[in-house]
Amino acid sequence: MANPIHIKKNKFVLFAALLYFFSPLVAYVTALFNYEKSWAKNVVWGFAAFLGYTLQINLDSMGDMVVYRNKFLEFYNADFSLADLYLNFFSNSGHIEFVENVISVTVSQYTNDYHFLFMAYGLFFGYFFSRNIDYLYRHVKITQRKGSMWLIIGLTFVIPLWNINGFDFWTASQLFLFGVLPLIYEKSYKRFLFIVLAPFTHFSFYLIIGLSMIFLIVRSFKSGIIYVYIGSFFLFGVSASQFSDIASQYLPEIIFRRAEIYLNADLENQSGGTIVGMVTFVYTVAINLVFFTTYKKNKEFIEQDHNLNRFFLYTFYIIGVFNILSVIPSVGRFVMVGQWMLLSALFLLMNKREFGNYKLLGRNISKVSFIFILFWTISVMRYLFPILGIGSILSGPFWVDNFVDQDYVVGNILKFFSN
């Protein structure tokens, strides 16, 4: 006789598959609210690929997407192979990032349609995106406590799926998180190779790996880590040139040559405008206040759980260090890794069965929910809408090609955000 539980599970899987083929967008939202189910992570993974396929590059587009597309077309036109890439890697040791190139060269063997390139990006990025969230669910016993969904949705906006338009850095972020989560939370090295792979996706991840190794040495200095975290929000008068002087003296030549690009970059127009800057500032203050006050009020409970305590301390450490280093252009992006850890730490704490103060934490999260929504809305309008085909994203896999080549791009409908 068939097991009723298995029958019910198979029905959910079939429902999820049918929903995905009808509307990947609806299936994605459904999966987020049912992430404790085993099928949800695969729906999110599939949506990442679909979203990548729907992204549009306009004639006047600029930025990383255009660079990726143009290089992809060069690979296609030159009939560039993986063997050629292998030889080129050893002849150009100054650029060790190969993950994006491997994907681009592989896809170029079959097509010159850049939509398939970004679909492949979505598959790669989406795997780690979906599994990182799944990791949190696999390590809690309760996931229905009020405030939990705010945190999970928040995670999807910290390093969102559409960041495949800047594939190298943001994929390296997801790779790093995939490896570092079990290392910090469980003291497990089972995914250590993925941490090693991160710098081969984006060179700068040698920095966060090195700093994480330092954390393993200094983690016993709890008060010092928290003081650095607090002080990092009040740091003034430090310039990137000071870091450049130090780096030139102590970094190996091959690393300094790459780091110099960031140390000497122009900070102008990095913030995205006054409104974006203000909303980002308020959002950052809000989540860090919730995080810090939660830790202070529940310090005794957190310290009794060695895994949770280590996770909180690492989050304090990463955010504090990269708040200081954020005076260096582009290095401030690593704060997003810290924010991902921050929301994850709150989620893990809230859903500890033994944690009795979850209602207060839920109320505190609800108090800043409007700020969350405002920040998420601006993120979508500023970063996703300019590359999003509206007909494509609302369609399904079998009829998306009716839209994708001549689709209407939503565009940056609030252009004054950049002013």
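# Rings, helices and a contact across the chain

Q: Does Tyr 314 count as buried or exposed in this predicted model?
A: The model is a predicted one, and in it Tyr 314 has a relative accessibility of 0%. Since a residue is called buried when this value is under 20%, Tyr 314 counts as buried.

Q: How many residues apart are Phe 215 and Tyr 314, which form an aromatic pair?
A: The structure holds 48 aromatic pairs, and one of them is the edge-to-face pair of Phe 215 and Tyr 314, with 5.1 Å from centre to centre and 75° between the planes. Phe 215 belongs to helix H11 (residues 205–218) and Tyr 314 to helix H17 (residues 306–325), so that distant parts of the chain are linked over a separation of 99 residues.

Q: Which helix holds Phe 291, the partner of Tyr 229?
A: Tyr 229 and Phe 291 form an edge-to-face aromatic pair, with ring centres 6.4 Å apart and planes at 70°, and both residues are buried. Tyr 229 lies in helix H12 (residues 222–231), and because its partner is 62 residues away in sequence, the pair ties together separate parts; the helix that holds Phe 291 (residues 274–297) is H15.

Q: Over the face of which ring does Arg 191 lie?
A: An aromatic cluster includes, among others, Trp 45, Tyr 68, Phe 167, Phe 178 and Phe 194. Arg 191 lies 3.8 Å from the centre of one of these rings, over its face, and that ring belongs to Phe 178.

Q: What is the distance between the charged end of Arg 333 and the ring centre of Phe 169?
A: A charge of this kind is taken to sit over a ring only if, among other conditions, it lies within 6 Å of the ring centre. The charged end of Arg 333 sits over the ring of Phe 169, and its distance from the centre is 4.0 Å.

Q: Are helices H7 and H8 roughly parallel or antiparallel to each other?
A: Helix H7 (residues 114–138) packs on helix H8 (residues 148–158) with axes 11 Å apart and an angle of about 160°. In the contact, H7 contributes Phe 129, Ile 133, Leu 136 and Tyr 137, while H8 contributes Met 149, Ile 152, Leu 155 and Thr 156. Their crossing is right-handed, and because angles over 145 degrees fall in this class, the two helices are roughly antiparallel.

Q: How far apart in space are Thr 54 and Asp 405?
A: Thr 54 is placed in helix H3 (residues 40–54), and the residues that it touches include Ile 387, Gly 389, Val 400 and Val 404. Although 351 residues separate Thr 54 from Asp 405 in sequence, the C-alpha to C-alpha distance is 9.2 Å.

Terms used. Residues are numbered from 1 along each chain as its sequence is written. This is a predicted model: local features need pLDDT of at least 70, side-chain atom pairs count only at pLDDT 80 or more; totals for chains, interfaces and linings use all residues. Side-chain values use heavy atoms; hydrogens and water are left out. Rings of Phe, Tyr and Trp (its six-membered ring) pair if their centres lie within 6.5 Å; planes under 30 degrees apart count as stacked, over 60 as edge-to-face and the rest as tilted. Helices (H or I, at least four residues) and strands (E, at least two) are DSSP runs, numbered from the N terminus. Buried means under 20% relative accessible area, exposed over 50%, partly exposed in between (1.4 Å probe, protein chains only). A charge sits over a ring if NZ of Lys or CZ of Arg is within 6 Å of the ring centre and within 35 degrees of the ring normal. Axes are lines fitted to C-alpha atoms, for helices over the stretch in contact, and angles run from 0 to 180 degrees between N-to-C directions. Angles under 35 degrees count as roughly parallel, over 145 as roughly antiparallel, 65 to 115 as roughly perpendicular and the rest as oblique. A crossing is left-handed if the near helix is turned anticlockwise from the far one by less than a right angle, and right-handed if clockwise. Contact means heavy atoms within 4.5 Å. Lists of a residue's contacts leave out its neighbours within four places in sequence.
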